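Hi everyone, thanks for making time today.

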Amino acid sequence: LRTILAANRRVPSVAINVAYRVGGKDDPPNRSGFAHLFEHLMFKGTSRTAPETIDRLTEDVGGFNNAFTSEDITNYYEVVPSNHLERLLWAEADRLATLDVNAANFATERDVVIGEYDQRILAEPYGMLDELVNREAFVAHPYRRGVIGIPDELNAASLDDVIAFHATYYRPDNAILVVAGDLDTDVTLRWIESYFGPIPTPATPIPRVSVVEPEQTAERSHEYRAPNVPLPAVEEAYHIPGAVHPDAAPLEILETLLGAGRSSRLHLSLVYDKQVAASVYASADLREQPGLFGMRLT
């Protein structure tokens with residue numbers, strides 16, 4: 001377990017963040033959505049706690065919590081008054097060590113994830129756009145599957161598949177714990193050692209994606225039509241290096257120049273001057289492995 005502590009006592013609150021190095025790209029073949037599924041299952045209780053315990057430990061004391069899944073990580077965080085720090089560290093260690101992955105929770109949360117796909121991908125007018133861009137831009141790398149999960153693949157999954165995925169990636173040596181705010185570093189470190197220290201680290205290595213996307217040598221295009229899309233949207237996507245590459249920072253600057261706000265180059269040209277678009281967007285999607293730079297107009 002890697003731990004980062006950042007003391008800042010200006011306000012009497014703390015933020016706890018646990019990032020697991022497992023995202024959409026790490027889903028098993030033909031089982032997309034597993035990483036996203038655990039973003040939900042991690043709130044469903046453990047062998048020692050009831051479902052939604054994290055909500056009770058945060059929202060009931062004036063704090064909040066949430067989680068998200070990306071292509072590369074699954075991330076969980078809480079912000080609470082600082083006198084509740086110890087119990088949240090205990091709760092995070094508890095759901096890492098003793099999460100209750102049972103058939104009922106699996107079935108319920110799988111339906112929730114599939115409902116998200118229906119709502120965010122199928123129902124929204126431009127919901128398919130990100131899915132299609134990834135699918136067309138990558139021919140070999142698992143980034144092409146997206147993150148949310150394909151319903152047919154989720155429905156084909158078994159409880160044993162899900163339990164095996166959790167055992168593979170939810171382990172101390174695959175997590176980064178960050179605690180920031182009103183804290184005593186020595187005391188906080190003792191709590192972390194006390195609650196996370198006894199959790200065993202498996203002897204088996206953590207699987208890592210080693211697929212290298214072949215170089216694209218010619219333009220590829222794709223057209224998609226749907227009855228719920230009233231006006232066309234267009235996106236151009238370009239392959240870019242990973243987040244640790246020296247070009248990452250210049251690409252982020254380029255993103256700002258092209259698409260951040262009404263003074264950006266794309267907005268001034270396409271929305272204000274030529275009036276051929278209602279909105280424009282640019283994004284340097286920097287990932288652990290080579291990602292995409294996208295420019296979109298609607």
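Let's begin with the second largest pocket, which has a volume of about 590 Å³. Of the 26 residues lining this pocket, Glu-71, Asp-130, Glu-131, Asn-134 and Asp-285 are the closest to its centre. Two or more lining residues come from each of α1 (34-41), α4, α5, β6, β7 (280-285) and β8 (291-297). By type, the lining divides into 9 nonpolar, 7 polar and 10 charged.

Before I go on: this is a predicted model, with local features needing pLDDT of at least 70 and side-chain atom pairs counting only at pLDDT 80 or more, while totals for chains, interfaces and linings use all residues. Residues are numbered from 1 along each chain as its sequence is written, and side-chain values use heavy atoms, leaving out hydrogens and water.

A pocket is an open set of points on a 1 Å grid over the protein atoms alone, where a 1.4 Å probe fits, with protein on both sides within 12 Å along at least five of seven lines; lining residues have an atom within 4 Å of a point. Volume is the space filled by probe spheres set on the points, which are joined across faces, edges and corners. Nonpolar covers Ala, Val, Leu, Ile, Met, Phe, Trp, Tyr, Cys and Pro; charged is Asp, Glu, Lys and Arg; the others, Gly among them, are polar. Helices (H or I, at least four residues) and strands (E, at least two) are DSSP runs, numbered from the N terminus.

Now, what is the volume of the largest pocket? About 960 Å³. Its lining has 33 residues, with Leu-129, Val-133, His-222, Val-234 and Glu-235 nearest the centre.

Strands β2 (13-20) and β5 (175-181) run antiparallel, joined by 7 bridges, and Tyr-20 stands opposite Ala-175 in β5.

Finally, Arg-48 sits in the loop between α1 and α2 (53-59). Is this residue buried or exposed? Exposed, because its relative accessibility is 55% (exposed is over 50%, buried under 20%, partly exposed in between, with a 1.4 Å probe and protein chains only). Beyond its neighbours within four places in sequence, Arg-48 is in contact with Asp-94 and Thr-98, contact meaning heavy atoms within 4.5 Å.

Methods:
Pairing = 2+ DSSP bridges.
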